[in-house]
Amino acid sequence: MNYKINELFETIQGEGSFTGQPSIFIRLQGCPVGCSWCDTKHTWDIELDDQVSPDIMLAKKAETSQWANFSAEDILALVKEKHFKAKHIVITGGEPCMVDLTPLCETFEDLGYSTQIETSGTFEIITTEKCWVTVSPKIKMRGGYDILASAMSRANEIKHPVATEQNVDDLKELLAMHQVENTPVYLQPISQKKRATELAIATCIANNWRLSVQVHKYIGIE
Ligand code: SF4
């Protein structure tokens with residue numbers, strides 16, 4: 001099967017449990033969830049007019065909605081061709097769980113890579129058992145999608161964007177509804193805003209949750 005890839009690059013994971021880990025990011029095109037503060041809005045729509053060749057997609061110098069088709073084998077060949085050293089694959093979006101991620105994760109896991117998916121929790125997660133699943137639940141967004149119970153139970157970590165007390169209340173309600181007790185919870189201040197950061201720090205301390213500050217944005221990497 002083919003995957004619609006918007007970006008593919010090597011960097012440092014800046015969020016959650018794998019913070020600091022050299023990683024190969026695979027960004028898939030397409031997301032109907034509609035978060036108002038989304039920082040990858042260029043990945044939302046899948047327009048056939050935006051399909052380009054793999055070479056053009058890889059040469060992009062700016063964030064655009066252009067995407068290219070890659071099979072898992074194509075991605076592996078590219079990773080080898082570029083001599084990427086990272087052994088951790090992060091599949092993000094967009095919303096990557098709109099498609100079956102099993103072939104992609106299997107291809108890399110068979111060669112000793114670890115894999116991770118970052119998902120909004122609004123689509124069934126179809127991947128390998130070994131894959132680390134980060135659910136960043138996008139609650140009450142414009143697209144009208146519910147957070148799935150299956151996503152909450154599959155999550156290896158929950159990473160929640162936070163700007164207001166309401167965001168914290170929504171998360172608590174979600175965790176209670178799905179009886180999430182032992183999964184690590186990260187709070188991530190939205191847009192590095194001071195008020196959001198202070199709220200996240202205080203809430204993490206009060207609930208024994210963890211802080212995720214999007215390190216890559218502070219050190220100026222992708
Ligand atoms: S789920 Fe992610 S990609 Fe989709 S709109 Fe929300 S933040 Fe953006």
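Biologist: Which element gives the largest share of the lining of the second largest pocket?

Modeller: This is a predicted model, in which local features need pLDDT of at least 70 and side-chain atom pairs count only at pLDDT 80 or more, while totals for chains, interfaces and linings use all residues. Residues are numbered from 1 along each chain as its sequence is written, and side-chain values use heavy atoms, with hydrogens and water left out. On a 1 Å grid over the protein atoms alone, a pocket is an open set of points where a 1.4 Å probe fits, with protein on both sides within 12 Å along at least five of seven lines; lining residues have an atom within 4 Å of a point. Helices (H or I, at least four residues) and strands (E, at least two) are DSSP runs, numbered from the N terminus. Here strand 1 provides the largest share, four residues.

Biologist: What is the volume of the second largest pocket, and how does its lining divide by class?

Modeller: A volume is the space filled by probe spheres set on the grid points, which are joined across faces, edges and corners. For the second largest pocket this is about 230 Å³. As to class, Ala, Val, Leu, Ile, Met, Phe, Trp, Tyr, Cys and Pro count as nonpolar, Asp, Glu, Lys and Arg as charged, and the others, Gly among them, as polar. This lining has five nonpolar, one polar and six charged residues; among them are N6, M57 and K82.

Biologist: Which residues are closest to the centre of the largest pocket?

Modeller: The largest pocket has a volume of about 880 Å³. Of its 42 lining residues, E15, R27, D39, T40 and Q214 are the closest to the centre. The lining comprises 13 nonpolar, 18 polar and 11 charged residues, and strand 1 gives the largest share of it, four residues.

Biologist: How many aromatic pairs does a search of the whole structure find?

Modeller: A pair of aromatic rings is described by the distance of the centres and the angle of the planes. Rings of Phe, Tyr and Trp (its six-membered ring) pair if their centres lie within 6.5 Å; planes under 30 degrees apart count as stacked, over 60 as edge-to-face and the rest as tilted. The search finds four such pairs. F108 and Y113 form an edge-to-face pair, because their centres are 5.0 Å apart and their planes stand at 85 degrees.

Biologist: Is F108 buried or exposed?

Modeller: Buried means under 20% relative accessible area, exposed over 50%, and partly exposed in between (1.4 Å probe, protein chains only). F108 is buried at 0%, and Y113 is buried at 9%. The charged end of K87 also sits over the ring of Y113, 4.4 Å from its centre; this requires NZ of Lys or CZ of Arg within 6 Å of the ring centre and within 35 degrees of the ring normal.
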